[in-house]
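Please walk me through this model, with attention to its charged pairs, one of its helices and a stretch of its surface.

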Amino acid sequence: MVKKPSPALTALFVVLALASTSFADRLTGSLKGRITDKQGYPLPGAFIYVSSPALLGVQNYITADTGSYAFIQLPPGTYKVTVEMPGFKTVNVDNLRLNVGKALALNFKLEATDIEEEITSVGATPLVDTLSAKNAFVADKDILRHAPLTRDFASIAGLAPGVVADPAFPDRDFAVHGSTVRANAFVFGGIDLTDPLTKAPFANLNVDVVEEVEFETTAHPAETYPSEGGFINVVTKSGGNQFLGVLHLTHSSGSLSKELWSEKDLAEKGVPAPPAAQRRWDFSINMGGPIMEDRAWFFINTRLDLRSKEAPFEPWTDPLGAVHNGYRWRNRDFMTFLKISTQVTSNIRAIASVNYQDRYQPVYESFLSLNTPKEASRVLGHDSLFAASGIINYKMDQNTFVDLSVGLAQRSKPLLLNVGGQNLPYYADAVSGRVWGSAPFNEKSTGRRFKAAVSITRVQNGIMGIAHELRAGAEYEDGYGDMMTWKDDNLAVTYFAGSPYYYGTALSPKTGKTVGKGLVSFSLASQVEGGLILKEEMKRLGFYVQDALTIAQRATIHLGLRFDRSAARLPAVVKAQSGNAVSVKIGTDLIKPTYGLNPYDQNVIQAWDQMMVWNALSPRAGLSLDLFGNGRSILKTSFSRYSEYLNLGYVQEMASFSPTRSHSFDWYDEDGNGKVDSTDTYALFPDDYRIYKESYFKKRVSPDAKAPYTNELTVGLHQEVLKDLTVSLEYVAKNQTNILENVLYDPDSGVEWYSADSPSQSWWVPFRTIVPAAGDYEETPVTVFFRSDSAPAVFDRLQNVPQLNRKYGAFELTVQKRMSDNWQFYGSLVWGKATGNVGLNAAASSGFSTAVGTPNSFVNVPDDSRLDLDRPTSIRLMGTYRFPWDFFLTLYFSRWSGAPWARSVTILPPDSWAQLNGVAVAPVTVFLEKPGSRRTSFEESLDLRIEKEFVLKNRKRLRFFADVFNLLGRKSSWLDLNDAGFWFPGAENSNLGQRVISPTFDKVLSVSGSRTVQISLSLEF
């Protein structure tokens, strides 16, 4: 009998639930089945009980006329199932393992008896999810406990089949089965930690509080809110009826690592040593247990992660004479987490959690490179995340459940100029890639996501002889972001091979003298903090209904439909004056006379309500068929349409006074001093400053813009081969269309002119040239396009572009043996391809890439080009064996294809041709061949973990383990095979002219390869 809750416990629950946040996103699994006699007749009135160390109390069910039962909200864990019926033998099933998101079927046939008798079943328990149509990989407790991982969530994500990390941000961004890196959703213990601006997780998820992780990769049900990529569902630890604690320490350093490149090798290749292994001290403590046995549990974690390493920067002296030395990079992460789980009454369960993280880096990690000195970097000053969640599960009766949840996640991220360069302009060399001076500007940003949801689930047996699990729900989401930028000097200068004169020399349009001609730009950043703040808002209301119809215990049909209405708003922007006096003067002298305003002076832009409004219907259908009726051979197929999430990145980029916006100008150095000053002459680039006028600004989004969508088809066979061993073969096909991109648009005539074959083709003048041979490459004819002087000023509009598409097709083979009989195994092989003409990385999927910037975007880029994150083959193999005396050995091997690439070149036409044809001279970069024509070499790694467990007194357990990464000592070098550079043809249709090949062509740019050891010690008490 459940005791009446104490007032103190009830008050504690109410406070935590009201003060918390997030989304009750399927933190449980389900168990269903049918109870019959030996002849197969249903047994109404049978009692079934389930209990587990992971479950508060005991759950029970009484069968009705059909003999069916259903437990649909069981937390992941190991269960005991008991079935009782007067006149029949009692049956127990022990060690039934249930993972998050799994739907298992377990049927019972009871044997009649005249005496009370109990039977414990030792037969095989169900292993294959026979009831759902989705495809998901679960990293369970045993995988997470034994896999050689780096204690970062990205390493866990790397286990899942179909996951491809973006090399630019491998710790943050990854594509799942051909979707973009912005297509994922991250739910952490019910808290949606997906940044509404970038769609990346708000922060690195704390691995020490993870119980298990479900990577739902395809066939998402309707209850999954807009997420056409991966739905990453993290179940956090909850405590239990016994007090448990863990003290953990992990350490790695250079003394535990071996560099695989000798000094002789490095000297021969002319490259610096690869980045040194980082020193890491990672401390953590977990505690969990009962507040009141079977009524309330707690779990708490605190973690401090300290890391440092030598920055990869190579010391040098910049063109202004400043010496830049090497430095050591440092990082500090502090994390804390609290969760309370309560059984308030027999029918009400509640969960509340709070998560806080703080990261500090004296040099922001994104600035670590060979070309960026410390002085030109930014400080990550206490990047903090606060998140909380409250979830209530109300059981109306044994077949009807109501879920309520509310959640909030908020991140604050300050990026401040390094003190060594904060008063300097930003300098960058277009040839060498080196930067110096300072970073572009100071930046502070905030992201917030609030979500509330309600759903009702009804399990109904016997409707037309079919069992139903009906679910309907509604969601409300409020997304918010803001960003401010400021800098005392908002100037940026582009050098060319060490010279401040990007174009060399030219005749001054003012004096007629031959002077140095350069390329400069000025950001809109204000001079003072708080002088330019951009805010973005998004509200979403979602509804869904779905039904799982199970017929004759053999086939389950899934039907679902969701509707999402999303609306984005841009609040008013008040801008203070920018810092560099030259930028203000240019605005006054060159921009204001024509456009009526100076973007570098004080300005006000009114709010834009209903900036983007999307109404999206997303149907889902699936089938799960038990082929032979034994629960071991399951055929699954599904069709899904996913509408893209309306992320705030669209809003931020469309804002006229975007804090990151800058304008470029031609600079004529009249006094020849190599400095940008007020006595020099400047000329406008073909930017359209009408975007700062409200009447034009609101034309920057097409009124017909709709949500991009992805159609997905899956077919798979899931087979239980042996006890605890399954094999799955899945085929997945995706096609994303209706893609949004920023295109050239004339707001006066209403004509789009981003394509050479558009009605405005006269605004583009083709230039045919032959790029000379370089190295082993033959000369290459190519046609590029230059903007005619008769073309309108450059004005961008965000719209759906019919020419753009992304396609994906792949076979996925997965083998998994869960831990039993002293061993476990997991392996996956994915073979497929990702094609299209717009990439998958964060920049390419932002809507503001160069995919359709001009007709040059389509040169040598057909719609079957290989995409940037296309990896035709990827293999993952992991196995653990437990030896006598509690020794464990785990090996993890991964191998994947290299990245696709293609040659490119930047072309400037001769001045004589430009004058004759009336075109604007500006550099144009194009591909010389189809993307994917070439591919980097494959990558692979073999990692190992050795561990020993010691059993101490009073149930204490000491674990010692060592991870060895890159056990086989694989090393690689990056040879730049792209001749790239610049081509200055002397005439049209000619291979004569000046060819400036990239200075890094045919040179090794960098090397990688080290064997790293990480040691850990855990005391479990």
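The model is predicted. The side chain of arginine 632 meets that of glutamate 720 in a salt bridge, with 3.8 Å from N to O. Arginine 632 sits in the loop between strand S38 (608-626) and strand S39 (633-643), while glutamate 720 belongs to strand S42, so the pair ties together parts that are 88 residues apart in sequence. Glutamate 720 counts as buried because its relative accessibility is 4%, and buried means under 20%.

Aspartate 870 and arginine 866 form a salt bridge whose closest N and O atoms are 2.8 Å apart. Aspartate 870, at 1% relative accessibility, counts as buried, whereas arginine 866, at 25%, counts as partly exposed. In the salt bridge between glutamate 694 and lysine 698, the closest N and O atoms are 3.2 Å apart. Glutamate 694 is partly exposed, with a relative accessible area of 41%, and lysine 698 is partly exposed as well, with 30%.

The structure holds 61 salt bridges. Some of its charged residues are linked in a network of salt bridges: Arg151, Asp152, Asp208, Arg280, Asp282, Arg303, Asp305, Arg307, Asp333 and Arg359.

Next comes a helix. H5 covers residues 581-595, which is 15 residues, and spans 20 Å from its first C-alpha to its last, close to the 21 Å expected at 1.5 Å a residue. A kink of about 35 degrees is centred on threonine 588 in H5. The buried residues of H5 are Val582, Ser583, Val584, Ile586, Gly587, Ile591 and Tyr595. These buried residues pack against strand S33 (514-523), strand S40 (662-669) and strand S41 (681-684).

The last stop is on the surface. Phe639, Leu713, Val715, Leu729, Tyr731, Phe811, Leu813, Leu829 and Trp831 form a nonpolar patch there, and together they have about 790 Å² of accessible area. Two or more residues of the nonpolar patch come from each of strand S42 (709-722), strand S43 (725-737), strand S49 (806-820) and strand S50 (823-836). Strand S42 also carries glutamate 720, the partner of arginine 632 described above. Tyrosine 731 is found in strand S43. With a relative accessible area of 31%, tyrosine 731 is partly exposed, and it meets the patch cut-off because that asks for over 30%.

Terms used: Residues are numbered from 1 along each chain as its sequence is written. This is a predicted model: local features need pLDDT of at least 70, side-chain atom pairs count only at pLDDT 80 or more; totals for chains, interfaces and linings use all residues. Side-chain values use heavy atoms; hydrogens and water are left out. Patches are made of residues with over 30% relative accessible area and no salt bridge: like charges are joined within 9 Å, nonpolar side chains (Val, Leu, Ile, Met, Phe, Trp, Tyr) within 5 Å. Accessible areas come from the Shrake-Rupley method with a 1.4 Å probe; for residues, only the protein chains shown count as cover. A salt bridge is a side-chain nitrogen of Lys or Arg within 4 Å of a carboxyl oxygen of Asp or Glu. Helices (H or I, at least four residues) and strands (E, at least two) are DSSP runs, numbered from the N terminus. Buried means under 20% relative accessible area, exposed over 50%, partly exposed in between (1.4 Å probe, protein chains only). The expected span of a helix is 1.5 Å times one less than its number of residues. The bend at a residue is the angle between axes fitted to the seven residues ending there and the seven starting there. Contact means heavy atoms within 4.5 Å.
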